[in-house]
Amino acid sequence: MNNQDKIRKLIELRNEARMGGGEARINRQHEQGKMTARERIEMLLDEGSFEELDMFVTHRCTNFGMEKTKFKGDGVVIGHGTIDGRVVYVYAQDFTVFGGSLSETMAQKICKVMDMAMKAGAPVIGINDSGGARIQEGVTALAGYAEIFERNILASGVVPQISAIFGPCAGGAVYSPALTDFIMMTEENSYMFVTGPKVVKTVTGETITVNDLGGANVHSSKSGVSHFKVESEEEGLMMIRKLISYLPQNNFEEAPMIECTDPIDRLDEELNTIIPPNPNMPYDVKDIIYSIVDDNEFLEIHQNYARNIVVGFSRLAGQSIGIIANQPNFLAGVLDCDASRKAARFIRFCDAFNIPLLTLVDVPGFLPGSGQEYAGIINHGAKLMFAYGEATVPKVTVTLRKSYGGAHCVMSSKQLRGDFNYAWPSAEIAVMGAKGAIEVLEGKNVRKIEDEQERLDYIQKKTDEYDNAFANPYQAASYGYIDDVIEPRNTRFRLIRAFQSLQTKKVTNPLKKHSNIPL
Ligand code: HXC
């Protein structure tokens, strides 16, 4: 063979590898509305930026005659490329090769790309589409999973890790995505569960479909396992690109500054009238978010899960920020177990990756009742408090309306090291709302009044007294717990100035192995 023959052979081998499990299986993938692993990577990355590695790796299994069936690259495509010119490492399981099932060599490939991402300090994006552990390999496949899990754990808080689920992800395999920062699922074709419908039926007698057990709807609204639900793979891949744009490459870097054309001193008069006159009337806190941030852009995380709290990424004067906002439009914005968990996880992600936090408060308190107590609201609420209190990134809070009781302390209060705590004139900061307070403070006196009208008048008088004293931000401002009461229309530029003044903030927590956050 001369050199030209050798080069021709290389090209042949590369073309063979690019065909994965072969044309018929690629066609089947397309018929199911799914892209192949390489098509997904091509769409995710900047055009022509993908550098594939390990395309000649094959499995080493000899059980069940496996040595006769080998596909170049085995069941995963790995490498690196760029998103908007910034390096990312990727792996995409290839369902056309043994159903993307995980072999020992596949695990080695995935570990290789994760190790490289850690060395380079760049995000890892994993696209999952797999039948789980390769059955023919047995324990070496399980060991492979465990190797991946350990790397997910060590990479947590060091480089961002994003998982797209574009096909099956079942059994213990779910734990790799679960250990990463963000999970995305497609509405069709994507499911995650620890045990499938057949095993569920055998063990518990429950009859349930794949989708009802672990489809995108379930995980993005009920369990909260999935952070994003998308209609198509294309939409999902574009969303990952957007998500990456808000994030730094690693925990030692800041998120990139984007040139901001939205005027910093843009006022919004509508904000002055956005809070309804009746304190019990809802409004959509997302309208306030869109109005304040650059170019009305907000990437919401967990859009359909625990909708009483809103979290997501945005920018102020080009700087990435994480926003946490109580949502009066849903359950009056009350804090419950799910909302506390959702917000706590988001805050910890932002803190790990140097993304400042903006908190918008309108919270009537924690949701009362046995359901919440049995579900562990004490632990979950403590978790949210812990996340805020531990966070050392810049923290700016605006109290829009209600801020009552324990929920007041939790929602990035001054005492949890809030850097700037502002309030709108509509803020009400107190131990509890007037109704509950009057019942506790005046119950005996009220019961003594026999005439009904007299009784109602007395309650109204005491309620007015209470509201005058507490249904405003000025008592808190008089102690310096609120740094300033601001006119709503000015919120954007007041926040930008606050975050700009905090760009050099340096706070460290006491030295310890790690904290013991209530889980
Ligand atoms: C080896 C597998 C495989 C597996 C699929 N294939 N799963 N090969 N090990 N786990 C192969 C099939 O033999 C087939 O090969 C090809 O992939 C496509 O599979 P189909 O069944 O034809 O596809 P489809 O009808 O779309 O069904 C997909 C599926 C099904 C639902 C994922 O394949 C399935 O149920 N697979 C087994 C799932 C499972 O129980 N895995 C173990 C989970 S436990 P050909 O040659 O025909 O193309 C686990 C433990 C992990 O993973 C523990 C970590 C700690």
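1. Gly99, Gly131, Gly132, Gly171 and Gly172 come nearest to the ligand among the 17 residues around it; a residue counts as near when its C-beta atom, placed from the backbone, lies within 6 Å. This is a predicted model, in which local features need pLDDT of at least 70 and side-chain atom pairs count only at pLDDT 80 or more, while totals for chains, interfaces and linings use all residues. Residues are numbered from 1 along each chain as its sequence is written.

2. The shell around the ligand comprises eight nonpolar, seven polar and two charged residues. Here Ala, Val, Leu, Ile, Met, Phe, Trp, Tyr, Cys and Pro count as nonpolar, Asp, Glu, Lys and Arg as charged, and the others, Gly among them, as polar. At least two residues of this shell are supplied by each of H5 and strand S6 (168-170); helices (H or I, at least four residues) and strands (E, at least two) are DSSP runs numbered from the N terminus.

3. Helix H4 (residues 104-120) packs with helix H5 (residues 139-155) at an angle of about 15 degrees, and their axes are 8 Å apart. H4 is therefore roughly parallel to H5, a label for angles under 35 degrees. Axes are lines fitted to C-alpha atoms over the stretch in contact, with angles from 0 to 180 degrees between N-to-C directions.

4. Contacts (C-beta atoms, placed from the backbone, within 7 Å) involve Ile110, Met114 and Met118 among others in H4, and residues including Gly144, Ile148 and Arg151 in H5. The residues of this contact divide into ten nonpolar, two polar and three charged.

5. The domain assignment of the protein chain, automatic or from a database, gives domain 1 (3-245), domain 2 (269-427 + 472-501) and domain 3 (433-470). The centres of domain 2 and domain 3, taken over C-alpha atoms, are separated by 31 Å.

Methods
Parallel < 35°, antiparallel > 145°, perpendicular 65-115°, else oblique. Contact = placed C-beta atoms within 7 Å.
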